[in-house]
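Hi everyone, thanks for coming. Let me put it on the screen.

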Amino acid sequence: MTSFLAFAQLCQKVEALSGSLEKIDLVAAFLSGLDEAELSVACSYVMGMLFPPSQNLVMGVGPRILYEALAKACGCPAELISQMLRATGDPGLVAAGIVEKRRPLGFAAFQEALPLTIADVYKRFVAIAHASGKKSQDTKVKNLQFLFSLAGPLEARYIARLAIEDMRIGIGEGSMRDAVARAFSKSGVDAEKVERAYNLTNDMGLVAVNARRGTLAELSVMINHPIKMMLAQLGESIASALGEIGTAAIEWKYDGARVQIHKDGYHVEVFSRRLENVTASLPEIVSAARQITAKSAILDGEAVAIGKDGRPMAFQDILKRFRRKYNVEKLAAQIPLRLFLFDLIYLDGKSVTDLPLSERRTLLEKIAGQNPTSSLLLADHVLSSSVETAEEIYRQALAAGHEGLILKNPASVYAPGKRGKNWLKIKPVMETLDLVVIGAKWGEGRRASLLGSYRLGCQDTASGNLLDMGFVATGFSDESLVELTEMFRELIILEKGMEVEIKPAVIFEVAYEEIQHSPNYSSGYALRFPRMVAVRYDKSLEEADSLERVVSLYRGQRGRNNSIERQ
Ligand code: AMP
């Protein structure tokens, strides 16, 4: 049984290193010494992910629950916790400091006799994720309290960070893929094979266990395991995209939100673009999927909210539907969704990802045939190499209130998680950046009780850190500020006068007039006239834009015109 202390020591060493190769080496060496159950847990934990999406488990622990558990475990006043937070800005260090201060004499001997194991921590986290109902808050606090009362300072540091899913050790999917490949290279595993398996299963633990057994190639698409979605690359123009693809499948780019539907007999699960299980929020998508005439299938499509005027409603409205957990039917009446299916990933027990799009589409038409009375719709799909035809379809899509076109290569396979030239999107919108909210400022006057401006960060892919790009304060209605304040209040890590530091969890899509050099921010860049366009609840942190993208947009903007299309 591997102790949690050993895991925490690994994290500490990895955190202290700056080079990713050394980090990968350390993680690989650690993984190769674990048994299967530990391996499966440790792989996810190193990445700061507590449960793979297929398990449909969510921790739901914010800073508040965490500090309550700490205060109770260590019998320390809440005031001390806020003081330490002000000093360190890191919940992990706060937990370590408090546990250190409150450790009873003789604790080391006690811990040696009864060490906390990786399995113990996993068990408690599962109990926390299963907590539901009125007492769920209590259950969460108690389980965390139990862990903190058995933990030494170093363990507490990583228990705290894990609990709020913010590991800060600089290991993302890419480094983890390389570490698993290195740990099991003797069984013929390489990074490409690990990546393929991860894109299919989204479960690094499962991938690592199969890598260890030498059965990686056997992993395939599985029903009820969300698979990474194929993504579209930005096309320069319709003509250049058709030049690239030749005869293309021309589809509308619907203005909605992505859904991946797993139908297994009568049982249906729906996953969002971030692979969250959103089944309970989308009953009409579930009943639409039940009309599919296949025993089992995984389908890819777009959920679109159609307003009374027949046009798509705002993206924010759709996302309200995705986030709603209670009174779903009431909201569904106000914001009804329609499903447009455009791809098929799995059919009756078999993956069809390796079939060309044209064949997948034929199969999709067979099982979701156009029945005008059903709520099942297929995305329009026209095969053509003609620029005029594509332009006409583009005009129709825009006139109907949708985003543009996606031109697809009919011969292409379904490539999970890949953004490539086989799907080219054409949109007539200014470029925007997807940035992470890392802080905020309380407003003044009328808005004194609201968080009125938000500090944005882009990703530094090398270090895994978020780099400051300044504030955005426009693009919000009073109503949306109330909603955002409520949401971010739960994510406040640290208060410094009028400013707060926020746990990175939410992405804003931001428009701007120009990117400028700025020595005032750690990214070295700032946005001129930034304006919040949308809260991208559908995007995960890894999807936030990188400093490289900011720099390349900065360079590209010399002499630019406003018709540059949005990524
Ligand atoms: P973007 O989010 O700008 O990268 O554009 C890709 C997104 O367009 C996909 O993730 C889908 O949610 C959406 N989309 C809308 N219509 C289609 C379509 N016909 N085929 C593929 N994706 C589509």
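Let's start with a quick one: is Glu 195 buried, partly exposed or exposed? Glu 195 counts as partly exposed, because its relative accessibility is 25%. For that scale, buried means under 20% relative accessible area, exposed means over 50%, and partly exposed is in between, with a 1.4 Å probe and protein chains only.

Before I go further, a word on what you are looking at. This is a predicted model, where local features need pLDDT of at least 70 and side-chain atom pairs count only at pLDDT 80 or more, while totals for chains, interfaces and linings use all residues. Residues are numbered from 1 along each chain as its sequence is written, and side-chain values use heavy atoms, with hydrogens and water left out.

Back to Glu 195. Its side chain meets that of Lys 418 in a salt bridge, at 3.3 Å from N to O. Glu 195 sits in helix α12 (residues 191–201) and Lys 418 in the loop between β10 (404–408) and β11 (419–426), so this pair ties together parts that are 223 residues apart in sequence. By salt bridge I mean a side-chain nitrogen of Lys or Arg within 4 Å of a carboxyl oxygen of Asp or Glu. Helices (H or I, at least four residues) and strands (E, at least two) are DSSP runs, numbered from the N terminus.

How many salt bridges does a search of the whole structure find? The count is 30. Let me show you a couple more of them.

One is Glu 392 with Arg 395, where the closest N and O atoms are 3.3 Å apart. Both residues lie in helix α19 (residues 387–399), three residues apart, about one turn of the helix. Glu 392 counts as partly exposed, at 36% relative accessibility.

Another joins Asp 468 to Arg 455, with the closest N and O atoms 2.4 Å apart. Here Asp 468 belongs to strand β14 (residues 465–472) and Arg 455 to strand β13 (residues 451–460), so the pair links parts 13 residues apart in sequence. Asp 468 counts as buried at 12% relative accessibility, and Arg 455 counts as buried at 17%.

Then there is a network. Salt bridges link Glu 15, Asp 90, Arg 157, Arg 161, Asp 166 and Arg 168. Follow Arg 157 for a moment: it is placed in helix α10 and is buried, with a relative accessible area of 14%. Leaving out residues up to four places away in sequence, Arg 157 touches Gln 12, Glu 15, Gly 92, Leu 93 and Ala 96; contact here means heavy atoms within 4.5 Å.

Why is helix α10 described as largely enclosed by the rest of the structure? Because eleven of the eleven residues of α10 (residues 153–163) are buried. Among them are Leu 154, Tyr 158 and Ile 159, and also the charged Glu 155 and Arg 161. After α10 comes Glu 165, whose phi is positive, near 55°.

Now let's zoom out to the domains. The domain assignment gives domain 1 (49–163), domain 2 (231–426) and domain 3 (432–566), and such bounds come from an automatic or database assignment. The centres of domain 2 and domain 3, taken over C-alpha atoms, are 29 Å apart.

What does the interface of domain 2 and domain 3 look like? Eleven residues of domain 2 contact 14 residues of domain 3. Between them the two domains bury about 1200 Å², 45% of it on carbon and sulfur atoms. That buried area is the accessible area (1.4 Å probe) that two parts lose on being put together, summed over both. On the domain 2 side, Arg 273, Arg 274 and Arg 323 lose the most area to domain 3, together 44% of what that side buries.

The rule finds one salt bridge across this interface. Arg 273 also pairs with Glu 543 in a salt bridge, the closest N and O atoms being 2.8 Å apart. Helix α16 (residues 315–323) gives the largest share of the domain 2 side that touches domain 3, with four residues. By class, that side has four nonpolar, two polar and five charged residues.

That's my tour, so over to you for the discussion.
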